Amino acid sequence: MGEYVEANGTTIWIESRGQGPDVLLIAGLSDPAEAWQAQLDGLSDRYRVISFDNRGSGRTPLPDGPLSVAMMADDAAELLRVLRVDRAHVVGFSGGSAIAQELALRHPEAVRSLVLISTWARTEAYFTTMTRFWHWLVTEAPDERAMLEAFFLWIYTPRAHADGTVQRIIDETLAFPYPQSAAAFQRQLEPFMRHDTLHRLPGITAPTLVLAGERDIATPPRLGRVVADAIPGARFEIMAGEAHQPFQESPDVFNARVDAFWREAVGGSRPA
């Protein structure tokens, strides 16, 4: 069920499914709430699963003025408060993993556990060059389809390009009635380019699982390992054969893995 919620001075679109312990899914760059459809469908038989459009994605507006990862983390914390969620299992993907890190640092009382997918702690030269290219690509590509075809080279596995999955996702993106503007893409990308929590990550106290795709070229496993090494007691796992967005390419495997983590580490499927 989708609805608008007023939180942290803006109007945020959320999707919510199921009942049970609360799970908050934080999407990455450009992704709307629907990016988590396989988790909204696949985990809602035992959890209350909540996803939302970050500022500048989907139906959530991007107000004028500065945008920061910390601001988006405060959005997530306020969203939980408005929904009367005391603590949630928080899952963050890519840019959403940067938001999730800040959420766990700024609002530790709201985070029951943390899953970070395709994550990093501090930008490095390759990452900076890659994201600068994305910043340029969104305005210089001949059309939106060409932009997505190029952008998705960093996101999905060769098998997804070969078997038609990527073309299906592109078609769905182009048909989405709430497209993100090039300016919003660039403004949302900029704070992720500046993300740096490396020296603060030891302050995260929530049980944490860091997942990396073996074939991820955008945020390769070595970056995720740095994050896991910095967070006390964090688990680090590499998903064999996966790239940057495994929860879409292999949702059954991904859903089973996070469910097992919540059960084993924090008793996730038992009543909160």
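Modeller: Before we start, one term: contact means heavy atoms within 4.5 Å.

Colleague: Thanks! What kind of model is this, and how are residues numbered?

Modeller: This is a predicted model, where local features need pLDDT of at least 70, side-chain atom pairs count only at pLDDT 80 or more, and totals for chains, interfaces and linings use all residues. Residues are numbered from 1 along each chain as its sequence is written, and side-chain values use heavy atoms, with hydrogens and water left out.

Colleague: Let's look at Arg-235. What does Arg-235 touch?

Modeller: Beyond its neighbours within four places in sequence, Arg-235 is in contact with Thr-208, Leu-209, Val-210, Ala-228, Arg-257, Phe-261, Glu-264 and Ala-265. With the side chain of Glu-264, its side chain makes a polar contact at 3.3 Å. A polar contact is a pair of N or O atoms within 3.5 Å; within protein, one must be able to donate a hydrogen and the other to accept it, and residues adjacent in sequence count only if both atoms are side-chain atoms.

Colleague: Which element holds Arg-235?

Modeller: Arg-235 belongs to strand β8, residues 235-239. Helices (H or I, at least four residues) and strands (E, at least two) are DSSP runs, numbered from the N terminus.

Colleague: And is Ser-118 buried or exposed?

Modeller: Ser-118 is buried, because its relative accessible area is 1%. Buried means under 20% relative accessible area, exposed over 50%, and partly exposed in between, using a 1.4 Å probe and protein chains only. By that scale Arg-235 is partly exposed, at 30%.

Colleague: Where does Ser-118 sit?

Modeller: Ser-118 is in the loop between β6 (111-117) and α4. A polar atom of its side chain lies 2.6 Å from the backbone oxygen of His-244. The contacts of Ser-118, leaving aside neighbours within four places in sequence, include Phe-93, Leu-211, Asp-216 and Pro-246.

Colleague: New topic: which residues of helix α9 are buried?

Modeller: In α9 (residues 221-230), the buried ones are Pro-221, Leu-223, Gly-224, Val-227, Ala-228 and Ala-230. Their cover includes α3 (95-106), β6, β7 (208-213) and β8.

Colleague: How many residues are in the largest nonpolar core?

Modeller: That core has 68 residues, and those with the most contacts inside it are Leu-24, Ile-26, Val-90, Leu-103, Trp-134, Phe-151 and Phe-152. Helix α2 (residues 69-82) gives the largest share, seven residues. A nonpolar core is a set of buried Ala, Val, Leu, Ile, Met, Phe, Trp, Tyr and Cys residues joined through side-chain atoms within 4.5 Å.

Colleague: What does Phe-152 touch?

Modeller: Not counting residues up to four places away in sequence, Phe-152 touches His-161, Val-166, Ile-169 and Ile-170.

Colleague: Which residues lie nearest the centre of the largest pocket?

Modeller: Phe-152 again, along with Ser-30, Asp-31, Pro-32 and Thr-173, out of 49 lining residues. A pocket, on a 1 Å grid over the protein atoms alone, is an open set of points where a 1.4 Å probe fits, with protein on both sides within 12 Å along at least five of seven lines; lining residues have an atom within 4 Å of a point. Elements giving two or more residues to the lining include α1 (37-42), α7 (165-175) and α8 (182-193).
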